[in-house]
Amino acid sequence: MRVSRAGVYGTLRRPLAGRHAGCQPASVRQPPGAISTARGATLPFADANLRYSLLMRSALAILALLVAAAGSADSRAPGGIFLAGEPLRVAADGFPKFTDRQIRGSAASTRAGLARWVSTTDGRRLFDYFTSWEYEIVVTEDESESGMGRAPQPGIATMVGAGDKTRRKFYELIINPAPRSIPEGLAAFPGQATRPADLVAATWAGEMLHIYFYSLGVLLPHHGRRDFQEQWASVAAQLGFPSMEHGQSEPDEGSWRRSRRSRGSW
Ligand SMILES: [Zn+2]
């Protein structure tokens with residue numbers, strides 16, 4: 001909670017009858033049990049005590065407000081999908097609004113792929129779902145990835161606590177911003193992504209779908225699930241790749257990839 005200057009000063013002034021109390025010059029001596037007003041008049045003992053008590057109460061109230069504000073500062077930390085260390089945001093026109101740091105710190109294909117993914121109905125719905133304090137998805141780029149990207153399954157504590165709305169959940173998305181060709185084992189048919197920019201868009205869609213299932217507490221494997229495949233088919237069609245499959249051609253999560261590291265990705 002943010003405490004405005006007006007709020008703080010308003011609370012301070014109230015017990016002092018709307019008048020600035022002023023600072024006491026060091027040379028003014030106070031008689032015991034009395035307090036001076038701004039004009040120098042000494043108040044009776046009881047009145048002074050009352051005013052002192054009100055002042056202390058106000059000070060404590062302000063302190064409580066400040067503590068509450070400090071305590072809630074973390075809970076208001078921006079969440080969402082982080083690229084180059086900053087959360088991604090979509091502008092009113094539906095396009096991502098990248099910060100300078102994000103533009104300097106990421107590949108154009110990664111940004112273009114994101115823009116294409118959020119331009120779809122399903123992609124935008126997932127993007128909005130994760131744009132919340134509850135989630136922190138850190139996107140990294142790695143051209144040495146043998147596949148298009150991956151979303152590792154988080155630790156068991158995150159999976160078990162997936163439904164806990166009081167906790168922030170952390171996920172990782174690794175994107176290969178420069179896939180050299182169509183993934184191994186995938187033939188280039190019409191309606192499938194083949195250009196690198198298309199593949200990165202499909203990577204956003206596919207890997208974010210895995211993260212969505214993690215956020216529901218659904219452990220791997222996902223590829224054999226009907227609900228996963230239905231949602232993949234929906235977003236793939238919206239991307240313009242209605243024939244593109246995700247993980248169906250292989251028996252396990254390692255499909256479309258060459259190494260066992262691939263679990264949780266294509
Ligand atoms: Zn997959």
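**Overall fold**

The model is a predicted one. The protein chain contains 8 helices and 5 strands. Read from the N terminus, the order of elements is α-α-β-β-α-α-α-β-β-α-β-α-α. The chain has 266 residues, of which 30% count as buried. Among contacts with a separation of 6 or more, 67% are between residues 24 or more positions apart.

In soluble globular proteins, nonpolar side chains tend to be buried together. Here the largest nonpolar core has 37 residues, and those with the most contacts inside it are Leu173, Ala201, Ala202, Ala205 and Ile211. At least two residues of this core come from each of S1, H4, H5, S3, strand S5 (169-175), H7 and H8. H7 gives the most, with 12 residues.

Leu173 is one of the residues with the most contacts inside the core. Setting aside its neighbours within four places in sequence, Leu173 is in contact with Ile137, Val139, Gly149, Ala151, Glu207 and Ile211.

**Helix H5**

Helix H5 spans residues 121-130, and its buried residues are Asp122, Gly123, Leu126, Phe127 and Phe130. Viewed down the axis of H5, these buried residues fall within an arc of 135°, so they line one face of the helix. Thr121, Arg125 and Asp128 are exposed on the other side of H5. An α-helix has 3.6 residues a turn, so residues three or four places apart point the same way. The buried residues of H5 pack against strand S1 (80-83), helix H4 (108-118), strand S3 (135-141), helix H7 (196-215) and helix H8 (226-239).

Two packed helices are described by the angle between their axes and the distance between the axes.

| Helix pair | Axes come within | Crossing angle |
|---|---|---|
| H7 and H8 | 10 Å | roughly 155° |
| H4 and H7 | 8 Å | roughly 60° |

The axes of H7 and H8 cross at roughly 155°, and an angle over 145 degrees counts as roughly antiparallel. H7 and H8 are therefore roughly antiparallel to each other. H7 passes H8 in a right-handed crossing. On the H7 side, the contact is made by Ala201, Ala202, Ala205, Gly206, Leu209 and Phe213; on the H8 side, by Phe228, Gln231, Trp232, Val235, Ala236 and Leu239.

The axes of H4 and H7 cross at roughly 60°, which makes H4 oblique to H7. The crossing of H4 and H7 is right-handed. H4 contributes Ser109, Thr110, Ala112, Gly113, Leu114, Arg116 and Trp117 to the contact, and H7 contributes Pro196, Ala197, Val200, Ala201, Thr203, Trp204 and Ala205. Ala201 and Ala205 of H7 are also among the residues in the contact with H8.

**Loop residues and backbone geometry**

Phe98 lies in the loop between strand S2 (86-87) and helix H3 (100-104). Phe98 counts as buried because it has 20 C-beta neighbours inside 10 Å, and 20 or more is the requirement for that class. Apart from its neighbours within four places in sequence, Phe98 is in contact with Ile103 and Arg111. Phe98 and Glu86 are 12 residues apart along the chain, and their C-alpha atoms are separated by 9.1 Å.

Most residues other than glycine have a negative phi, and most peptide bonds are trans. Two sites in this model depart from those patterns in turn. Ala84 has a positive phi of about 55° although it is not a glycine. Ala84 is placed in the loop between S1 and S2, and with 18 C-beta neighbours inside 10 Å it counts as partly exposed. A cis peptide bond, with omega about 5°, joins Leu220 and Pro221. Pro221 is in the loop between H7 and H8.

Asp227 is found in helix H8. With 11 C-beta neighbours inside 10 Å, Asp227 counts as exposed. The C-alpha atoms of Asp227 and Phe213 are separated by 9.8 Å, and the two residues are 14 residues apart along the chain. Phe213 is one of the H7 residues in the contact with H8.

Notes: Residues numbered from 1 in each chain as written. Predicted model: local features only at pLDDT ≥ 70, side-chain atom pairs only at ≥ 80, totals over all residues. Buried ≥ 20, exposed ≤ 12 C-beta atoms within 10 Å, placed from the backbone. Helix = DSSP H or I, 4+ residues; strand = E, 2+ residues; numbered from the N terminus. Arc of directions from axis to C-beta. Contact = placed C-beta atoms within 7 Å. Core = buried A, V, L, I, M, F, W, Y, C linked by C-beta atoms within 7 Å. Axes fitted to C-alpha atoms, helices over the stretch in contact; angles between N-to-C directions. Parallel < 35°, antiparallel > 145°, perpendicular 65-115°, else oblique. Left-handed = near helix turned anticlockwise from the far one by under 90°.
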